[in-house]
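Q: I have a sequence and a model on my screen. How do I read the features one at a time?

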Amino acid sequence: MTEDSPTIAPMRTKATPSPSPVRTPVLQSVWTWFWVALLAAGLPMLAVYFSRMWRLDHYQYFPFAIGAVAWLAWTRSDRYFYAPARLTSLVLVFIGVVAMLGSWSVRSPWMMSIAFVCFSAACLAVMRGPKDKSLLVLALPLFLLIRLPLGFDQLLVIELQRLTTMMSSLLLDVLSIPHAVTHNVIELPNRELFVAEACSGIQSVFTMAFLSTLIVAINRRKLWLAPFYMVIALILAAGGNVLRVSMVAVADQWMSLDLASGWAHDILGYTTLAISAFFLWSFDGLVMTTMHVTGTTSDEHPDNPVLHLWNWFVDDGQNVDAVGEYYRSNQPIKNPKELGLQLQLARWMGKLQAKPIAIAMAVLGVVLVAVSSSSAMRVSTVGVEEGAQGMFVEGLIFEPPIEFISSGNNGFELSQHQQARNGDNPILGPNADAWQFASDINGVQIRGQFVLSQTYSEWHELCLCYQIQNWKLLNRVVQETNSFSLAKKNNEPPPLAYALFGNDSDQRGHLWYSAIKPSGAITHPPELPGRLSGRLSLATEGLDEVIEPMMMLQLWVVAPEKLDASTINRIDEMFDGLRQKIAMAVRAANRGNAETVTETVATEVSP
């Protein structure tokens, strides 16, 4: 080699990167139209469902939930739709299809909401982005779009009111503020505080639950932490409710300020909600501080199961494990024949990428929307609480003799009878008889309405009907009654249900109600309101018993002022005597003695 010869530099070779797979444009992808078809299939039914949800104050967060999830999915994903190649996604799609078919079959918008949430979660489970292998955690806020079934949210309202009343009373005792508690009403020396839905913060409880799922989704927390966030949110919401009610009482007694109504009450509510939300965010900071991955990669210590388990529980994907990534990048590539089920399924679904199949998916979406629209137009305009399909059965249990019901009562008068048949007055049921109730009790003139409605397939919780009419349920109890003159063989009749309501005009609504079967037996009311409680009470009666249709009796009294305990007890006796009178008439009619109903009962009822 001569001096003029150029120096030969050492050869450097650079690995040729493997060609990235060519993706089908998003608008031509089969899976784009697959997910669009599933998500759009329920829109007509969802329009009915969300219009009903908007009438409930504690569910009015749902537009924010949908908007937040849509925004997070748009900003975090690569904006491409993938095949449902994950087992989680396939299971969610299956559940969604079953719920959608059930929604069409029984024309239930609620079941369509389950289908929509399942389809959305399945889609998010396979979507991914630069920092996320899956966006399934974003589906958490969507699950709060599903209304609690069987009236369970009404049970939550009652329990929350009782808890708020009890804790607020304890705090007022500590502050030496004189007060008394009657049901869910805190009586101050110069006013009463209704611990009803607005004051007990039922809206803030549902809002805090939504915020807890949103924090988990935004901060990419592990899914198993979501129940703990939810519990903390409920505790903080309850604490905020107690603070709100107590502040109203303190302001009234110490500063003569009215914080129970108007803009001042709204500001107080938003302030306590903000305080609860701040503490919830602080709890998330505590979780982030105490639950983090170890500094040593678990791949270097495969024989340490404790390390593996801990990191699997707490790793939310935000911790960069450089050593672990380097370790995994140097591992030999597995034989394609040994690929897992998930990758094999993804490869098989990838073969479906063809323009005719994409067109077929788009046509399927149009068909699904058409079927859902047809089903939505047949949904009854009457809400579930006002009377849904399956709540009623055909026929009458008892055709009440007008003069018999109106006359011979003990201390009260029934007049101005009105009759509705064949659904003429759907608020009162398919068939109803209504009378005006009047009585003078301890010098107080009591007026109301007595209604006999039939025929229900089972116990109907009438509290829900009055709540729809903007009455706030203050308390609902099952009251024992004294044996009236109709009691036989020392067997006292079952107790009756009693509910106390309030409204923005400081009026009180009193509701007594009970049910009678075709056999003439008086039904024992569920201990708690809501359809769930009714179903459970029926289940405890015995599987061998036949569930008979029922006739509902109710007495509704609106009083401008508070009724004392003696007046309420007297009305208890009146209502109890009237329902026993009707029950005996039903039994006599079923024995084939309808023509002697009046004579039979008149000999046993004291006028």
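A: The term means a side-chain nitrogen of Lys or Arg within 4 Å of a carboxyl oxygen of Asp or Glu. Helices (H or I, at least four residues) and strands (E, at least two) are DSSP runs, numbered from the N terminus.

Q: What kind of model is this, and how are residues numbered?
A: It is a predicted model: local features need pLDDT of at least 70, side-chain atom pairs count only at pLDDT 80 or more, and totals for chains, interfaces and linings use all residues. Residues are numbered from 1 along each chain as its sequence is written, and side-chain values use heavy atoms, leaving out hydrogens and water.

Q: Are Glu-461 and Arg-476 buried or exposed?
A: Buried means under 20% relative accessible area, exposed over 50%, partly exposed in between (1.4 Å probe, protein chains only). Both Glu-461 and Arg-476 are buried.

Q: How many salt bridges does a search of the whole structure find?
A: The search finds six. One of them joins Asp-433 to Arg-421, with the closest N and O atoms 3.0 Å apart. Asp-433 lies in strand S5 (residues 431-441) and Arg-421 in the loop between strand S4 (413-420) and S5, so the pair ties together parts 12 residues apart in sequence. Asp-433 counts as buried because its relative accessibility is 0%. Arg-421 is buried too, at 15%.

Q: Which residues are linked with Arg-421 in a network of salt bridges?
A: Glu-399 and Asp-433 are linked with Arg-421 in that network.

Q: How do I read a salt bridge inside a helix?
A: An α-helix has 3.6 residues a turn, so residues three or four places apart point the same way. Here, Asp-576 and Arg-579 meet in a salt bridge (2.9 Å, N to O). They are three residues apart in helix H20 (residues 565-590), so about one helical turn separates them. Asp-576 and Arg-579 are buried.

Q: How do I check the length of a helix?
A: The expected span is 1.5 Å times one less than the number of residues. Helix H1 (residues 30-41) has 12 residues and should span 16 Å; its end C-alpha atoms are 16 Å apart, which agrees.

Q: Why is H1 described as largely enclosed by the rest of the structure?
A: Because nine of its 12 residues are buried. Among them are Trp-31, Phe-34 and Trp-35.
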